[in-house]
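Hi everyone, thanks for coming.

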Amino acid sequence: MRIVGSSMLSALQRLSTIKPPTLVSNIRSLSSFGTMSLPERQPFSPDFFFRQLFDGESSTYSYLLADLKNGQAVIIDPVLEQAKRDAQLVKDLGFQLKYAINTHMHADHITGSGWLRKLTGCQSVIAAASGAKADRHLQEGDRIDFGTHVIDVLATPGHTNGCMSYVIKDQGCVFTGDTLLIRGCGRTDFQEGCPRNLYENVHSKIFTLPENFRIYPAHDYKGQMESSVWEEKRYNPRLTKDIDEFVKIMENLNLPYPKKIDASLPANRECGVYDIPKE
């Protein structure tokens with residue numbers, strides 16, 4: 001027979017006096033420790049189509065969004081080399097591509113908006129401040145509609161002077177381009193970049209969105225696909241610093257220039273039109 005020590009016996013006696021509701025509550029608190037503050041995710045509505053696409057060479061995410069009721073679609077940050085893939089997907093799914101939208105004038109790849117315009121008849125879209133050609137130029141406060149869905153346009157310069165972030169309030173998400181990455185942000189040392197502007201725009205326009213909003217960036221280099229306002233406000237290693245420390249970090253990154261910058265910027269000023277591959 002095992003002999004129970006007096007201290008263990010005392011603990012068991014105390015446990016036996018706890019009423020079931022209190023015990024259950026304590027167990028729940030312990031089991032959910034560390035996750036209680038995570039905001040509840042907002043599900044996409046049944047009529048909203050979302051597809052995240054990837055270009056391996058530039059680690060760029062493109063996003064195909066559509067209204068499933070009438071088939072109108074948009075694509076955010078398409079890549080030239082993937083334009084035929086994206087056009088085929090639009091055709092396969094029976095969508096009508098209305099806009100090919102850029103978050104900014106990219107330096108690491110050529111936009112696919114020009115070729116998609118030729119393949120699908122869509123319109124190309126970019127910020128007026130970018131200096132790039134497009135069918136439609138955006139400013140802060142503009143709205144982009146596809147079917148019953150609406151994208152609200154935020155000007156978030158800092159990585160470049162023409163950076164935009166696109167918010168879909170009803171779906172609880174924001175497409176941040178290179179302005180805000182997952183646990184990072186875009187560099188600020190070329191294309192009229194400014195670390196103070198980037199910091200202020202992220203904090204005043206993106207971090208003020210509801211904390212459960214999903215964040216979808218233009219790039220990720222570590223295999224992560226999305227984040228949230230809640231996560232980046234707490235865990236972004238750069239943007240959780242004060243503004244002066246952030247500026248110091250950004251001014252001392254010493255990054256090499258993007259490999260494709262000499263080809264990408266001239267082509268992207270034309271919205272990729274003159275660099276369309278010959279069939």
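**A walk through the model**

Let's start with the largest pocket: 30 residues line it, and the ones nearest its centre are Asp 108, Leu 181, Arg 187, Tyr 221 and Leu 255. Before I go on, keep in mind that this is a predicted model. How do we look for a space like that at all? Rolling a probe the size of a water molecule over the atoms shows where empty space is left. For this pocket, the volume comes out at about 830 Å³. And what is the lining made of? We get 11 nonpolar residues, nine polar ones and 10 charged ones.

Okay, next up: the aromatic rings. How many aromatic pairs are there? The count comes to 13. Let me pick one of them, Phe 175 with Tyr 216. Their ring centres are 5.5 Å apart and their planes sit at 25 degrees, which is under the 30 degree cut-off, so we call this pair stacked. What I like here is that the pair links distant parts of the chain: Phe 175 belongs to strand E10, residues 173-177, while Tyr 216 belongs to strand E13, residues 214-217, and the two are 41 residues apart.

Ring pairs join Phe 175 and Tyr 216 into a cluster with Phe 44, Phe 48, Phe 50, Phe 54, Tyr 61 and Tyr 63.

Staying with contacts across the sequence, take Glu 40. You'll find Glu 40 in the loop between helix H2 (20-31) and strand E1 (48-55). With a relative accessible area of 70%, Glu 40 is exposed. In sequence, Glu 40 and Asn 212 are 172 residues apart, yet their C-alpha atoms are 6.3 Å apart in space.

Here's another pair like that. Ile 75 sits in strand E3, residues 72-76, and Ile 75 is buried, at 2% relative accessible area.

What about cysteines? A quick reminder: a disulfide is a covalent bond between the sulfur atoms of two cysteines. This structure holds zero disulfides. As for individual cysteines, Cys 173 is at 0% relative accessibility and so counts as buried, whereas Cys 194, at 23%, counts as partly exposed.

Last topic: backbone angles. Most residues other than glycine have a negative phi. Which residues go the other way here? Gln 191 is one of them, with a positive phi near 55 degrees. Gln 191 sits in the loop between strand E12 (184-185) and helix H5 (195-206), and Gln 191 counts as buried, at 13% relative accessibility. Then there's Asn 254, not a glycine either, with a positive phi of about 55 degrees. Asn 254 is in the loop between helix H7 (243-251) and helix H8 (261-269), and at 70% relative accessibility Asn 254 counts as exposed.

Note on methods:
Residues numbered from 1 in each chain as written. Predicted model: local features only at pLDDT ≥ 70, side-chain atom pairs only at ≥ 80, totals over all residues. Heavy atoms only, no water. 1 Å grid on protein atoms, 1.4 Å probe; cavity = no way out; pocket = protein on both sides within 12 Å on 5 of 7 lines; lining within 4 Å. Points joined across faces, edges and corners; volume = space filled by probe spheres on them. Nonpolar A, V, L, I, M, F, W, Y, C, P; charged D, E, K, R; others polar. Phe/Tyr/Trp six-rings, centres within 6.5 Å; stacked < 30°, edge-to-face > 60°. Helix = DSSP H or I, 4+ residues; strand = E, 2+ residues; numbered from the N terminus. Buried < 20%, exposed > 50% of the residue type's maximum accessible area, 1.4 Å probe, protein only. Disulfide = S-S within 2.5 Å.
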